[in-house]
Amino acid sequence: MSDLYFPGIRNWILGSPPAEMAKGWLRKTLIGALSQGPIPGHVAFEMDGNRRYARSHKIETVEGHHHGFEALARVLEICYNCGVKVVTVYAFSLENFNRPKYEVDGLMQLAKVKLEQLMQHGELLDRYGASVRVLGRIDLLPPDVLEVVEQAIENTKGNTKCILNICFPYTSREEMTTAIKTTVEEYTTTPQPHSTPFSQSRITQKILSTQDKSKRTLASIEETPSSNLSDDDAVSTSTTLHSESSVPRAGDSEKVAIYPNAETITPETIDKHMYTADCPPLDIFVRTSGVERLSDFLLWQCHQDTHIFFLKCLWPEFNLRHFLPVLVEWQYRKKQNLRDERPRRRVKSA
Amino acid sequence: MSLKKKDLQTYRRDEQFGHRLMTPEERIRLLKPYLPSPPPSLNDSNKKLLPKSAETTQAREGRFGVRRFLKKNFYLLVFTAIHFFFSIYIRARQACHAVSDRVYSLFQHHHSSPELIERDVKGLKRLPKHLGVILTLEDQGRSGDALEKLLNEAGEIAAWCASAGIPELSIYEKTGILKGYIPEVHRALSTNLQRYFGSNYPILSVAAPHIPPVETAIPRHRMSDKSSLKRLSVLLISAEDGRDSIVDLTKTLAEMSQRKKIDDTDITTELIDAELSESVMGEPDLLILFGPHVELAGYPPWQIRLTEIFHVQDNQGVGYQVFKRGLYNYARANFRMGR
């Protein structure tokens, strides 16, 4: 496609109405056919290669990103027509702030203009029933972009059929850190005490006083064990010491600081604090431009059963003919897995 | 959206001029033919706006849904055809790859000789300092020789690493069965190293997170050139070092926070990174998968951020040619890190 702006004979033929109609029909058929099989619930794209594309076509870097946006629109259309519920795309990494300023500004403007356009014809997303979400540190965005982002999220909130996650300034490590932090916060904010007729502090005091009495009768020299526990001991035996650890604080005031037990934290708890909390598990992860790294994108989500595909093509070229093999191979593997599991189940039931 | 050529050109020209050529209404008109029909719930409210499209969709549906029925069956037919041809293609591809891998492994055999392996990697621009591999226990450990096979594979990989000069190797195996037999793993691995290197075998240490390492005792006659000895440290990790270790860290942090020993603002990416790389492992530079496709099977998520992931399509089992190609591929890849 080096003759991007100088269409030749081949392009003239391909661009003629009958050829375009045939292409459109073929596309529709393929998408319709694919949606007859199992469909992934969540697909992620790492849109890599815009700049290399721009360099190889001798166009401005920012224009490369524009072409990348067109590819994104194409992919979204394919995904939503197939019935994919959630599409997550990596638009901007926190590391990308290190790029030349004009490029960062260009990307910000691109995002702003495109989101604004989406708002202008809000029907576009409504027709797909898609809601936009922006994942990441949106507080780092310039104020004008932030405003548009918030508006876009607000306007499409009502759509429930599918979700478009835009990771915009995002890194997965930052996401995991935030998830850990909010989990810790959740476990350190005391929940509203249940309104029972019994006072917890009175009960603890009672227990303490009976303990004290019994100890005094046994050995008056010994101190109470809870007071001479060093901090490190308390940490290592925390499972058993939970009620005791809040005792010193409970004694001096009425309000009892009873925290939820930290031992009840599970991977699901942290999952709930991820940006992608209510999305289905990630089924397909696609990275274009032949780089075989995850580059800080959805690490927590993709390290288990996700099928990861590294494709050679650059993102702006990405089209149905690249995505089709990925989808078909995924469906094929799914079928294969089912076939492998079936005899095992039979063995178990026998 | 697969826009028609003319529409695409109009769109791009508008874009070049900063979207000032067209009004929003014109753009909507440009895109309208490519949009799907509005969802049924919106039909009523949109009828006034789009009377034509609503009517046509209704007409197209037909009274008895015959068209829809035919369409669905046609799609099913195409779907079956696609999968039929794809399964032929993938089998052919697998066969092709199996043959070429066989040939590869015949011609590029290491012959258990460290010198040959060293010569193989000599020309490479860079080598990973920390190599990760994912091994799988066959049949979930039910067949008797699964563990033995796993030990053999680990031994071979350890020997290749020692020969190539990679100082750190981490072996991921989902179930963590190897962690229960660290002295045995050490014995098996060092036996294989002695087979490769003879009397001049490298010093091996085998460890797992939270388990102290088992090291080769340095024989007395080699004590003199202690600094020149080759060393290889092997780390055994499993699925519990992935998500579970992050969960454990969160538990500890939550408890500390409950005791007011840390503040929420103290929890930073640097802190978590330091803790996880201290207690589990650091980031591997290269991860080699010996499976047919890329699936991480619970590999520690925090540590694979920038790891180069290498696999050979449709490959089955551990082979030296995969290892070698992985190293070659790593030497070629360049890091850009967001730039």
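## Strand β3 of chain B

The strands β3(B) and β5(B) pair in the parallel sense over five bridges; two strands count as paired if DSSP finds at least two bridges between them. Helices (H or I, at least four residues) and strands (E, at least two) are DSSP runs, numbered from the N terminus. This is a predicted model, in which local features need pLDDT of at least 70 and side-chain atom pairs count only at pLDDT 80 or more, while totals for chains, interfaces and linings use all residues; side-chain values use heavy atoms, with hydrogens and water left out. Residues are numbered from 1 along each chain as its sequence is written, and chains are lettered from A and ligands numbered from 1 in the order in which they are written.

Strand β3(B) covers residues 203-208, and six of its six residues are buried. Buried means under 20% relative accessible area, exposed over 50%, and partly exposed in between (1.4 Å probe, protein chains only). On one side of β3(B) lie I203(B), S205(B) and A207(B), and on the other L204(B), V206(B) and A208(B). In a regular strand the side chains alternate between the two faces of the sheet.

β3(B) is also joined to strand β4 (residues 211-215) of chain B, by three bridges, and these two run antiparallel. A208(B) has I211(B) in β4(B) as its bridge partner. The hairpin of β3(B) and β4(B) has two residues between the strands, and H210(B) takes a positive phi near 70° there.

## The sheet of chain B

Seven strands of chain B form an open sheet with mixed pairing, in the order β4-β3-β5-β2-β1-β6-β7. β4 and β7 (308-311) of chain B stand at the edges with a single partner strand each, so one side of each is left without a neighbour in the sheet. On average, neighbouring strands of this sheet are turned by 20° against each other, direction ignored. Axes are lines fitted to C-alpha atoms, for helices over the stretch in contact, and angles run from 0 to 180 degrees between N-to-C directions.

Strand β1(B), residues 130-135, has six of its six residues buried. H130(B), G132(B) and I134(B) point one way from β1(B), and L131(B), V133(B) and L135(B) point the other way. Six bridges join β1(B) to β2(B) in parallel, and H130(B) stands opposite E168(B) in β2(B). β1(B) also runs parallel to strand β6 (residues 286-289) of chain B, joined by four bridges; G132(B) has L287(B) as its bridge partner in β6(B). β6(B) is in turn joined to β7(B) by four bridges, again parallel, with E308(B) as the partner of L286(B).

## A cavity in chain B

How many cavities of 30 Å³ or more does the structure hold? It holds one. On a 1 Å grid over the protein atoms alone, a cavity is a set of points where a 1.4 Å probe fits but cannot get out, and lining residues have an atom within 4 Å of a point. The largest cavity has a volume of about 40 Å³, where grid points are joined across faces, edges and corners and the volume is the space filled by probe spheres set on the points.

The lining consists of I171(B), E173(B), G176(B), I177(B), L178(B), K179(B), L236(B) and I237(B). By class, the lining has five nonpolar, one polar and two charged residues. Ala, Val, Leu, Ile, Met, Phe, Trp, Tyr, Cys and Pro count as nonpolar, Asp, Glu, Lys and Arg as charged, and the others, Gly among them, as polar.

## Helix α5 of chain B

Helix α5(B), residues 66-107, has 42 residues and reaches 61 Å from its first C-alpha to its last, close to the 62 Å expected at 1.5 Å a residue. The expected span is 1.5 Å times one less than the number of residues. Among the buried residues of α5(B) are Y75(B), V78(B), F79(B), I82(B), H83(B) and F86(B). An α-helix has 3.6 residues a turn, so residues three or four places apart point the same way.

## Chain A

Chain A has an open sheet of six strands in the order β3-β4-β2-β1-β5-β6, with parallel pairing. The edge strands are β3 (130-135) and β6 (307-310) of chain A; each has a single partner strand, so one side of each is left without a neighbour in the sheet. From one strand to the next, the twist averages 15°. Strand β1 (residues 42-46) of chain A pairs with strand β2 (residues 86-90) of chain A over five bridges, in the parallel sense. A44(A) has T88(A) as its bridge partner in β2(A).

I78(A) lies in helix α4 (residues 61-82) of chain A. I78(A) is buried, with a relative accessible area of 1%.

Methods:
1 Å grid on protein atoms, 1.4 Å probe; cavity = no way out; pocket = protein on both sides within 12 Å on 5 of 7 lines; lining within 4 Å.
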